Structures are given as structure tokens and as C-alpha cells.
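Please keep the sequence and the model in view while reading.

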Amino acid sequence: MTRKRLVQACVLTLLLLATMGATVASASANAGTPFDATPESLFQQLTDLAGARAEIPYEPPADVLPDALRGMTYDQYRSIRFRPEAALWRGEARFEAQFFHPGFLFPHPVTVYTVEQGQVEELAFDPELFRYEAEAEELADAGRSDLGFAGFRLHYPLNTPEYLDEVVVFLGASYFRLVGPGQVYGLSSRGLAIDTALPAGEEFPAFRKFWLFRPEPDADSITILALLDSPSVTGAFRFDLQAGSEVTVAVEKRLFARADVAKLGIAPLTSMFFFGEASVRAYDDFRPRVHDSEGLMMQTAGGEWIWRPLTNPARLRGSSLRDERPHGFGLVQRSRDFSEYLDLEAEYHRRPSQWVTPIDGDWGVGGVELVEIPTSDETSDNIVAYWVSDTPFRAGDRRQYRYRLTLFDDEPPGEPPARVVRTRSGWGAVPGVADPPPRSLRRYIVDFAGGELDALGPEDAVEPLLQAGSGRIDDLHVRRLPDHAGWRATFILDPEDGQAADLRLVLTLDGRPITETWNHVWYPDER
């Protein structure tokens, strides 16, 4: 056998072992060599497997679902419910796992393994784990033990000791959603984003296999491993979830390029913004705002805090906040009062915010890219934010990233300065003038509060510092708001020949910044 064929045979053997639920080490154990599957040892073997898979052509997952499951309706799918009494580790740990039925939008099941006392065991799909109610009754006999699950969710006593709340769900492609105390599900995380918003179309990598390490009875943390695969990238993922008064996830990913990748998005966050206080278009809706997140926030390597209000644009928009190894970034739902949404069903005031803290790895020089997609309703996620390195990811390359995800309400980790509490804009004309200016003339007001601002009085020399990428700025000034409610900066933007204007505004005291930087891009077709 030639060396090339020998390598191919070894790779195929690795893949066969993975398909059967075994690893190289567990095969050695079966041969008489003791093996204790720890998170570290299994993650290394998963890394080796991901690297081996990147050396061979991509094979899409097989269509294993019966027609009845593949073609089920939304009402049928929502009528299939996991039996809580059948949850994994129920009554044996503070965590328990429940599983999702395959079918509907999830036609490619994943394989789930448990790791207990060093032993790896595959969890078999069983229709008896589910209740098939109402429209789904006819599907009760369609399942087989070799199907696999669509995904899973972990429960933990987040809010009271007596009740196990959902804390994370892995379901669909490489998506997972987290929720903290007092929160309801909102934005999503992803394992990876590939070619988002490029003309050739986005590629959606998917987690194919999961390994759940059984937690100790009183543990408030749990480890999950995952294998990711796509036409362009393979990857080994480790998630260390810490639950309690604060929910965090330490993420480590080891990526291998099977093919050249035009854009590799690291630590992607996906959310929804329909309309809010800064929206320039009117909506026929009783609610004053509708969004899962209202702004992108970033702390640069130099310590600057940036706030970028989100928009529902007239057409797809992409922008980048440039940096090298930033301190962090995230999507934030700052407005936490019910009165700001008036929605009893969606409870947008309880949607989580999420922060990405890079720890180490191949972050380098790049930018936090924000993609804003037009949407006509609140059912579609139209906001994506992620880190993109300037270094291309080419076939045969390998990268590693470690970062921490933190759930919060409105205040991210660290010590941010005074923040933007309100952004409004409108036509910059003076009412009643005989010869009004063009509609493109814009009046902006940006209100700041908190931090050092709260202790300042009208006599303090607070100054606005404003930069505009294009256009002319007039009537820039800052004043204290009534009732000690903060400070307002206001200005008029006279755009230049219909060009977009990138605006950056910060308040200073004695020449030093005392607020975060407000960043906004005016587009000529957004009026």
C-alpha cells in the first residue's frame, strides 16, 4: 500500500470510529489499554478527528428521516413534547438534559454521547421519550432508534431552588441560545459564521455530534464537546457552562480549513431589530419599540467603549469596528423597563444581552463586523455581529480561539463610562421658514447619563467631540438635561452629495473622554 493510500485508510478508519461513537482512545481501551475519557483527552482526540476530516472531501449528512417526519408541519412539531420525567440525570444532579425530536426544520439529526466515569456511551433516540399530542399523534410510530435527536437543552435552578429553568439550548446548524436569571430567550450564539452577507451566499456549518459530561450532583458547571462540519471548515468545540447568579460559557474552538474561506466570523451573535426609538420610519404598531437587542457595544484594545445603535435598514448594510485583539464586544438590550415596549407576550424588556471576552488565540488584527438586514416583521433574526481577522483562512490552515460568553441585562463586564441613553433624529429644518432646507438635512440629539456625568453641574466644562466621515456639521453643542437626567449633545448634519456619513461623538471634560463613543452611520436612503 502506498503512503498516500495508507494515510487515506487511516483517515477513513478515524471517521468510521467516530460514526460508531468510538474514538481512537476508546478503541485502544477495547484492545486492553485502559483509557479514562476526560474533557482534556477527549477534546484532543476530537481535535485530531476534525483535522483528519478536513483532509477529505465534505460529505453532507444523509437523509435518514422518514417522509412523515421530514414533512411534518409547524403545528405537528410543536405538538411533540419531551417527557420531563425522562430527562437525563433527573434527580441526580442540579443539571438535567432534555432532547428535541428530529423533523420539520431539523431534518439532519445529531448524535449525542454521554461521558460518565471515563466511559463514552451513545444516547439512542426512542419515541417513548416524547408525547405525540393533537396533530402529532399520527407520527408516534415514525421514529426509529437510529434516528438521533434534533438537539438538546440543559435545565438548571436559575431563579429558585425548586424549579429547573432552561439555561441553554443547542438546536439547528451551530446555533445555541443562553438565558440568565430573570431573562427569557432572545438573541442566539453560533459556533461559526462563514461568508455572511457575501454575494455568493452564506455557508452554515453545523454541529454533527455532541459529548455531554455528567456533572457532579451539586455542580453548577458542565462541559460539552461538539464536532462541527461544513463544506469549508471542520472544528472541535469545548463549552464549559457556569450557571448561577451569572451565566457564563468558556468557549474553545479549534478550526481546520477544508477549503478557502472568504470571511470567517468568530464568536457570532445573532439577534433581531425591527424598530426602536431611533428608527426613521413609522410603524403601525401599538408598541414603541420591538427588538431583541438595541445596540452593538465594543471595548477596544485601547480601552475605548463604543456604542452603535442598531437599525432595520432599507437595504443590507455591513460595517466594521476596526481593532487588534479587542477587550470585548456584544449585543445589548439596554432598555429594561416594560413601559418601553408594552408587550406582555414577547417580554422584550427581559431579553438577555451577551458579551464576548477574547482570552487567547488567533484574534490578531481585524474588526467587529456588524451586518444589518432589512426585515418587515419581528419573526426574522436580521442582526449579526462577529469578529473577522484580516488574515485569510485558506485551505489547510488551522486556527484556535478561546473566549468567554457572559449573559447580562444592561451592564457588560468591566467598568464602562457614562453611556448613551437616547438617540433621536429628524429633519433639521426650523419650523415655519419660508424657504425650508432639503429633507436630507438631519438634526440629531444624543443623550448621555451615568458615570462622571452624574456628579457634574452646569458650570462644568463638558464639551462634545464629534467626527464625521463626510458632510458638514453645524450647531454642535451640549447642555445638561432637566432633573439631573444626564447631558444632551445635539448637532445638524448636512450630508455631502448623498454620501453616507460615519459619525463618532464623545463628551469630554478638560480634554479627556468621560463617556462611551456614540457611533452611527447616516445613509441617504434611510429617511
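## Salt bridges and cavities

Arg-422 and Asp-447 form a salt bridge in which the closest N and O atoms are 2.5 Å apart. Because Arg-422 lies in strand S26 and Asp-447 in strand S27 (residues 442–449), the pair ties together parts that are 25 residues apart in sequence. The two partners can be described by their accessibility: Arg-422 is partly exposed, with a relative accessible area of 32%, whereas Asp-447 is buried, with a relative accessible area of 0%. The model is a predicted one, and the values quoted here are to be read as computed from it.

Two further pairs can be set beside this one. The side chains of Glu-277 and Arg-289 meet in a salt bridge, and since both residues lie in the loop between strand S16 (273–275) and strand S17 (290–291), the pair ties together parts that are 12 residues apart in sequence. Glu-277 is partly exposed at a relative accessible area of 23%, while Arg-289, at 7% relative accessibility, counts as buried because the limit for that class is under 20%.

A salt bridge also joins the side chains of Asp-409 and Arg-336, and this pair links distant parts of the chain, 73 residues apart, with Asp-409 in the loop between strand S25 (398–408) and strand S26 (419–427) and Arg-336 in the loop between strand S21 (328–332) and strand S22 (353–361). Asp-409 is partly exposed, its relative accessible area being 36%.

| Salt bridge | N to O distance |
|---|---|
| Arg-422 and Asp-447 | 2.5 Å |
| Asp-409 and Arg-336 | 3.2 Å |
| Glu-277 and Arg-289 | 3.3 Å |

The count for the structure comes to 37 salt bridges. Salt bridges that share partners also join Asp-285, Arg-287, Asp-343 and Glu-378 into one network.

What surrounds Val-462, leaving aside its neighbours within four places in sequence? Val-462 is found in strand S28 (residues 462–468) and, at 5% relative accessibility, counts as buried. Its contacts beyond those neighbours are Leu-456, Val-478, Trp-487, Leu-507, Thr-508 and Leu-509. The C-alpha atoms of Val-462 and His-477, which are 15 residues apart along the chain, are separated by 9.7 Å.

The largest cavity has a volume of about 340 Å³ and is lined by 24 residues, of which Ala-278, Val-280, Thr-311, His-520 and Glu-526 lie nearest its centre. Strand S19 (305–309), S26, S27 and strand S33 (517–522) are the elements that give two or more residues to this lining, and S33 provides the largest share, three residues. By class, the lining of the largest cavity divides into 11 nonpolar, six polar and seven charged residues.

The second largest cavity has a volume of about 40 Å³, and its lining is made up of Val-168, Phe-170, Phe-176, Leu-178, Ile-224, Phe-239, Leu-241 and Val-249. The elements giving two or more residues to this lining are strand S7 (163–171), strand S8 (175–178) and strand S13 (233–242). Its residues by class are eight nonpolar, no polar and no charged, whereas the lining of the largest cavity includes seven charged residues.

Terms used: Residues are numbered from 1 along each chain as its sequence is written. This is a predicted model: local features need pLDDT of at least 70, side-chain atom pairs count only at pLDDT 80 or more; totals for chains, interfaces and linings use all residues. Side-chain values use heavy atoms; hydrogens and water are left out. A salt bridge is a side-chain nitrogen of Lys or Arg within 4 Å of a carboxyl oxygen of Asp or Glu. Helices (H or I, at least four residues) and strands (E, at least two) are DSSP runs, numbered from the N terminus. Buried means under 20% relative accessible area, exposed over 50%, partly exposed in between (1.4 Å probe, protein chains only). Contact means heavy atoms within 4.5 Å. On a 1 Å grid over the protein atoms alone, a cavity is a set of points where a 1.4 Å probe fits but cannot get out, and a pocket is an open set with protein on both sides within 12 Å along at least five of seven lines; lining residues have an atom within 4 Å of a point. Grid points are joined across faces, edges and corners, and a volume is the space filled by probe spheres set on the points. Ala, Val, Leu, Ile, Met, Phe, Trp, Tyr, Cys and Pro count as nonpolar, Asp, Glu, Lys and Arg as charged, and the others, Gly among them, as polar.
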